[in-house]
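Let's take a friendly walk through a protein structure together. Have the sequence and the 3D view open as you read.

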Amino acid sequence: MTAYEKVMAARDAKKLTAVDYIARMFSDSFIELHGDRRFADDKAIVAGLAMLYDMPLTIIGIEKGRNTKERVERNFGQAQPEGYRKALRLMKQAEKFHRPVLCLVDTSGAYPGIGAEERGQGQAIAENLMEMMTLKTPVLTILIGEGGSGGALALAVSDEVWMMENSVYSVISPEGCASILWKDSSKAPQAAEALKMTAQDLFDLGVVERIIRQPKAEDAAMFESLKMLICRTLEKNLALPTDRLTEQRYARFRKIGTAHLTQ
Amino acid sequence: MDLFSFVKPKNELETTTDAKQNVPFVPDEMWTKCPKCNTMLLTTDLEENFNVCTHCDHHFRISTKQRIDILADSDSFVERDSELSGGNILDFPGYDQKLEKARESGKESVVCGECLIGGIKTVLCVMNAGFMMGSMGTVTGEKITRAFEYATENSLPVVACTVSGGARMQEGILSLMQMAKTSGAVKRHSDAGLLYITVLTDPTTGGVTASFAMEGDIILAEPNTLVAFAGPRVIEQTMRQKLPKDFQTSEFVLQKGFIDAVVSRDKLKATITRLLKIHGYKENKEAAQ
């Protein structure tokens with residue numbers, strides 16, 4: 001597959017969304033929690049509590065919706081400031097009870113609208129980046145579709161970041177990049193190539209730790225093995241003293257993209 | 001009589017340049033036109049007025065050097081990591097040429113260093129609009145991160161002046177990661193109980209707004225500065241929404257509650273100095289001598 005075909009696969013309307021993953025891995029125990037306690041409940045963010053075997057877990061996902069009605073309701077997976085603030089509220093709650101956090105990311109980006117700007121989209125994302133870096137509980141992020149810029153990063157300042165094999169993660173959409181740089185959005189395939197946004201690219205750049213084979217909707221065994229992998233990783237991080245955990249998290253981001261720097 | 005005899009006969013010694021000498025010589029740079037009110041301003045007057053229009057108060061975009069001269073005590077600024085450079089890490093088409101052109105305006109999109117502000121030792125980061133519109137790449141992020149780490153180690157306050165079009169797309173995902181990295185460095189500085197003041201200057205947008213620009217303990221902005229995550233063009237194009245008047249200006253974000261104060265350029269240094277003093281930072285007697 002070319003880079004742009006991967007982009008298309010990541011955007012495929014038939015692919016599994018965050019609620020699908022939650023249903024398949026935590027259906028029996030998931031309790032959804034709502035609201036940022038400040039302004040509203042952003043439906044683009046689906047969040048709650050569940051049991052991962054015998055480990056309590058906070059789950060925060062960006063949900064695009066599975067049909068037209070749902071997509072409109074979920075704002076096509078474009079979160080607003082209240083969505084990021086809801087996510088942060090629940091991360092802080094997880095920290096209080098020292099329970100790990102699992103983030104499932106699937107968004108073309110944070111919502112670029114008037115209301116979102118008025119309510120401080122930039123500030124909301126910035127605060128998440130800061131607070132996640134020192135959150136005293138393990139955080140794991142899996143990109144299950146699109147990872148669109150700051151809107152994705154706001155749930156991805158984690159101990160480890162994994163990507164589904166057909167997911168993408170980029171600073172800008174290939175269309176946006178092509179139209180800004182080459183004034184021609186039809187050159188998106190070239191931009192997708194140049195941006196290095198596929199799971200393999202990001203693994204090679206040291207931005208993600210793991211590439212996960214795309215589970216099929218009916219493949220219960222694959223979801224089970226994904227669950228086990230998540231559990232093992234979170235258990236390992238839960239065993240670390242929290243100052244070591246946050247130190248490692250900082251070091252993780254501290255070294256990305258520094259290899260080529262010269263003084 | 002010749003019809004044109006009133007025209008002075010051509011003299012071999014009289015060249016056209018000599019003729020021009022009779023006209024008062026006005027060099028182009030003597031006057032500067034204000035882009036906002038179109039008034040012609042004497043450049044020397046403009047410079048004396050901190051590059052703020054004497055007529056309509058428009059704040060001209062200024063260079064990093066001018067910014068440092070305004071904020072830092074004279075000759076106190078010592079740059080750090082000035083030689084740090086990266087190059088075209090993703091082999092992005094056209095980036096090498098862009099970098100080369102950008103280097104005419106400075107080495108990178110940020111200058112970081114240590115200085116005295118009102119006699120108080122402070123780490124100062126100033127972004128450079130001339131360098132690829134102040135976009136944040138790996139070098140930018142690393143320099144800012146190092147500046148915060150240095151400030152944390154030495155218990156110094158940080159002042160950052162932002163001007164940026166956002167993350168630098170030619171460095172792909174690595175530029176996005178700078179948002180997390182700089183935010184982490186800001187958080188550790190903050191957790192050490194140290195003061196961080198941001199000064200938003202026109203324009204501050206995208207990935208810089210969504211990271212260290214909005215993370216100051218105190219956020220100041222110059223008048224009529226564009227402060228946005230998604231810039232006005234992005235919103236109009238993708239959402240096809242008509243924008244309200246003065247949307248995303250510093251006065252607008254002040255009203256919405258996202259910055260502490262709008263401060264005009266001539267009052268910036270005095271305001272920052274006072275804030276540093278209120279937070280208990282003392283004048284550096286050693287350096288003053």
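What follows is a short tour of charged pairs, a helix, some cysteines, a surface patch and a few loop residues.

Please keep in mind that this is a predicted model.

**Charged pairs**

Side chains of opposite charge can pair when their charged atoms come close. How many salt bridges does a search of the whole structure find? Over all chains, the search gives 34.

Here are three of these pairs.

| Pair | N to O distance |
|---|---|
| Glu131(A) and Lys92(A) | 2.9 Å |
| Glu247(A) and Arg188(B) | 3.0 Å |
| Lys267(B) and Asp266(B) | 3.6 Å |

Start with the salt bridge between Glu131(A) and Lys92(A). Glu131(A) belongs to helix H6 (residues 121-133) of chain A and Lys92(A) to helix H4 (residues 81-96) of chain A, so this pair ties together parts that lie 39 residues apart in sequence. Glu131(A) is buried, with a relative accessible area of 16%, because the cut-off for that word is under 20%. Lys92(A), at 34%, is partly exposed.

Now look for the salt bridge between Glu247(A) and Arg188(B). Which parts does this pair join? Glu247(A) sits in helix H12 (residues 242-255) of chain A, while Arg188(B) sits in helix H6 (residues 172-191) of chain B, so the pair joins two chains. Both ends are partly exposed: Glu247(A) has a relative accessibility of 41%, and Arg188(B) has 29%.

In chain B, Lys267(B) forms a salt bridge with Asp266(B). Lys267(B) is partly exposed at 48% relative accessible area, and Asp266(B) is partly exposed at 41%. Salt bridges can also share partners: in this way Arg11(A), Lys15(A), Lys64(A), Asp106(A), Glu146(A) and Glu175(A) are joined into one network.

**A helix in chain A**

Next, find helix H11 (residues 220-238) of chain A, which has 19 residues. From its first C-alpha to its last, H11 reaches 26 Å, close to the 27 Å expected at 1.5 Å a residue. Several of its residues are buried, including Met222(A), Phe223(A), Leu226(A), Ile230(A) and Leu234(A). The buried residues of this helix also include Lys227(A), Thr233(A) and Asn237(A). Cys231(A) is another of the buried residues, and its name comes up again below.

**Cysteines without partners**

How many disulfides does a search of the whole structure find? The search over all chains finds zero. Cys103(A) is in no disulfide, and the nearest cysteine sulfur, that of Cys231(A), is 17 Å away. Cys103(A) is buried, at 0% relative accessibility. In chain B, the nearest cysteine sulfur to that of Cys112(B) belongs to Cys125(B), at 3.6 Å. Cys112(B) is still in no disulfide, because a disulfide needs the two sulfur atoms to be within 2.5 Å. Cys112(B) is buried too, with a relative accessible area of 2%.

**A nonpolar patch on the surface**

On the surface, Met30(B), Trp31(B) and Met40(B) form a nonpolar patch with about 290 Å² of accessible area together. Met30(B) lies in the loop between helix H1 (16-20) and strand E1 (31-33) of chain B. With 35% relative accessibility, Met30(B) is partly exposed.

**Loop residues in chain B**

Are loop residues buried or exposed?

Ser211(B) is in the loop between helix H7 (206-209) and strand E8 (218-221) of chain B. This serine is buried, with a relative accessible area of 0%. Leaving out residues up to four places away in sequence, Ser211(B) touches Ala126(A) and Leu129(A), along with Met136(B), Met179(B), Thr182(B) and Ser183(B).

Asp81(B) is in the loop between strand E3 (78-80) and helix H4 (95-102) of chain B, and at 17% relative accessibility Asp81(B) is buried. Neighbours within four places in sequence aside, Asp81(B) is in contact with Gln263(A), Lys143(B) and Arg146(B). Asp81(B) and Lys143(B) are 62 residues apart in sequence, yet their C-alpha atoms are 6.7 Å apart in space.

Asp91(B) is also found in the loop between E3 and H4 of chain B. Asp91(B) is exposed, with a relative accessible area of 61%. The C-alpha atoms of Asp91(B) and Glu171(B) are separated by 8.8 Å, although these residues are 80 residues apart along the chain.

Terms used
Residues numbered from 1 in each chain as written. Chains lettered and ligands numbered in written order. Predicted model: local features only at pLDDT ≥ 70, side-chain atom pairs only at ≥ 80, totals over all residues. Heavy atoms only, no water. Helix = DSSP H or I, 4+ residues; strand = E, 2+ residues; numbered from the N terminus. Buried < 20%, exposed > 50% of the residue type's maximum accessible area, 1.4 Å probe, protein only. Contact = heavy atoms within 4.5 Å. Patch = residues over 30% accessible without salt bridge, like charges linked within 9 Å, V, L, I, M, F, W, Y side chains within 5 Å. Areas by Shrake-Rupley, 256 points an atom, 1.4 Å probe, with all protein chains shown as cover. Salt bridge = Lys/Arg side-chain N within 4 Å of Asp/Glu carboxyl O. Expected span 1.5 Å × (residues − 1).
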